[in-house]
Amino acid sequence: MTLKPLDDKIVIKKVEKEETTASGIVLPNSAKEESNLAEVVAIGKKVTSDEETKDELKVGDKVIFSKYAGTEVELEKVKYTILKYTDILAVIE
């Protein structure tokens, strides 16, 4: 089963932050902050067909997104977030 975003929506999968600090301290799950780094899983048709946005984002890109944006869903035990294209702040190259 796959997610196919509609219109100007993007499906992302969050990238987990490291569990150890630079000084070697291991952080428990309760102390970790929610990550706003993600990998693009799917892109809506309006984003890929728009002349201004079609080449800016592709499946597999690592992105930074607005912290409280989107709707979280779980599909086959994998958590995804569906958000608007405008909630993507930057592409990591």
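Two strands are taken to pair if DSSP finds at least two bridges between them. The model shown in these views is predicted.

**View A. An open sheet is formed by six strands.** The strands are arranged in the order E4-E5-E1-E2-E3-E6, and their pairing is antiparallel. Strand E4 (71-75) and strand E6 (88-92) stand at the edges. Each of these two has a single partner strand, so one side of each is left without a neighbour in the sheet. From one strand to the next, the twist averages 40 degrees. In a regular strand, side chains alternate between the two faces of the sheet.

View B. Which residue of E5 stands opposite Glu 74? Lys 79 takes that place.

**View C. Strand E1 (residues 9-14) pairs with E5 and with strand E2 (residues 37-43).** The pairing of E1 with E5 is antiparallel and runs over four bridges. The pairing of E1 with E2 is also antiparallel, over five bridges.

**View D. A salt bridge joins the side chains of Lys 62 and Glu 39.** The N to O distance is 3.3 Å. Lys 62 lies in strand E3 and Glu 39 in strand E2, so the pair ties together parts that are 23 residues apart in sequence. A search of the whole structure finds six salt bridges, and the Lys 62 and Glu 39 pair is one of the salt bridges in the model.

**View E. Lys 54 and Glu 51 meet through their side chains in a salt bridge.** N and O are 3.5 Å apart in this pair. Is Glu 51 buried or exposed? Glu 51 is exposed, its relative accessible area being 61%. Lys 54 is partly exposed, at 34%.

**View F. Asp 61 forms a salt bridge with Lys 58.** The closest N and O atoms of the two residues are 3.2 Å apart. Asp 61 has a relative accessibility of 11% and so counts as buried, since buried means under 20%. Lys 58 counts as exposed, because its relative accessibility is 54% and exposed means over 50%.

**View G. Thr 53 sits in the loop between helix H1 (45-49) and strand E3 (62-65).** Is Thr 53 buried or exposed? With a relative accessibility of 12%, Thr 53 counts as buried. Which backbone atom does the side chain of Thr 53 reach? The side chain reaches the backbone oxygen of Val 47, at 2.8 Å. Leaving aside residues up to four places away in sequence, Thr 53 touches Lys 46, Val 47 and Tyr 85.

Conventions:
Residues are numbered from 1 along each chain as its sequence is written. This is a predicted model: local features need pLDDT of at least 70, side-chain atom pairs count only at pLDDT 80 or more; totals for chains, interfaces and linings use all residues. Side-chain values use heavy atoms; hydrogens and water are left out. Buried means under 20% relative accessible area, exposed over 50%, partly exposed in between (1.4 Å probe, protein chains only). A polar contact is a pair of N or O atoms within 3.5 Å; within protein, one must be able to donate a hydrogen and the other to accept it, and residues adjacent in sequence count only if both atoms are side-chain atoms. Contact means heavy atoms within 4.5 Å. Axes are lines fitted to C-alpha atoms, for helices over the stretch in contact, and angles run from 0 to 180 degrees between N-to-C directions. A salt bridge is a side-chain nitrogen of Lys or Arg within 4 Å of a carboxyl oxygen of Asp or Glu.
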